[in-house]
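Reader: I would like to learn how to read salt bridges in a structure. Please start from the general idea and then go to the case shown here.

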Amino acid sequence: AEKYTEMLAEESGCRSTFIVEEGLRGIYLYTSPGSHSVWTQSTIGKRIPLHATAGGKALLAHLPEEKVDRILENGLEQKTPQTITSRTELYESIGDIRERGYAFNREEQIEGVNAVGAPVKNDAGEVVGAFSVSGPSNRLTGDRLTEELPQILLGVTNEYELRIRRR
């Protein structure tokens with residue numbers, strides 16, 4: 001995933017990450033700065049709450065419901081005023097993510113930072129991780145956030161899924 005995280009950063013110009021779920025939290029495995037990236041606290045090995053990040057919400061949307069319930073039993077920590085802290089609201093968001101195929105984080109983890117995340121699935125259709133791209137909220141707005149970046153993200157995610165399925 002490291003090569004694809006770097007490819008994603010190059011194509012998007014944004015900070016790119018690859019996370020997995022471990023111990024009911026997210027953990028950054030790879031990060032790569034883009035040409036217009038900002039520091040987003042996404043350091044390799046850092047553990048994060050899944051509900052407050054784009055990649056984390058993409059994971060939550062594709063994990064088995066029992067696992068999501070176990071994750072949510074720990075509570076929904078408020079990282080910023082925009083963080084989803086209601087289980088009902090989070091489940092609604094998860095439904096939207098499943099339909100759309102990617103997740104948004106609009107200043108939910110860090111004020112002033114927006115992100116888009118997409119799940120990575122293996123050949124059995126199980127989610128194994130998620131890629132995300134993030135940047136300053138004043139740059140990631142409108143069609144750039146909702147159209148352009150999701151297409152770049154889904155393209156790289158698809159290439160990576162094809163690679164891991166060939167093994």
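Reader: Which residue forms a salt bridge with Lys57, and how far apart are the closest N and O atoms?

Author: In general, look for a side-chain nitrogen of Lys or Arg within 4 Å of a carboxyl oxygen of Asp or Glu. This is a predicted model, and in it Lys57 pairs with Glu108, with 2.9 Å between the closest N and O atoms. The two residues are 51 apart in the chain: Lys57 belongs to helix α2 (residues 54–60), while Glu108 sits in the loop between β4 (103–106) and β5 (113–121).

Reader: Are Glu108 and Lys57 buried or exposed?

Author: Buried means under 20% relative accessible area. Both Glu108 and Lys57 are buried.

Reader: What does the salt bridge between Arg47 and Glu22 tie together?

Author: Their side chains meet at 2.7 Å, N to O. Arg47 is in strand β3 (residues 47–48) and Glu22 is in strand β1 (residues 15–22), so the contact joins parts 25 residues apart in sequence. Arg47 has 40% relative accessibility and counts as partly exposed. Glu22, at 37%, is partly exposed too.

Reader: Where do Arg87 and Asp69 lie in the chain?

Author: First the contact: the side chains of Arg87 and Asp69 form a salt bridge at 3.8 Å, N to O. Arg87 lies in helix α4 (residues 87–100) and Asp69 in helix α3 (residues 65–72), 18 residues apart. Arg87 is partly exposed at 36% relative accessible area, and Asp69 is partly exposed at 26%.

Reader: How many salt bridges does the count come to?

Author: The count is six. Among them are Arg47 with Glu22, Glu108 with Lys57, and Arg87 with Asp69.

Technical notes. Residues are numbered from 1 along each chain as its sequence is written. This is a predicted model: local features need pLDDT of at least 70, side-chain atom pairs count only at pLDDT 80 or more; totals for chains, interfaces and linings use all residues. Side-chain values use heavy atoms; hydrogens and water are left out. Helices (H or I, at least four residues) and strands (E, at least two) are DSSP runs, numbered from the N terminus. Buried means under 20% relative accessible area, exposed over 50%, partly exposed in between (1.4 Å probe, protein chains only).
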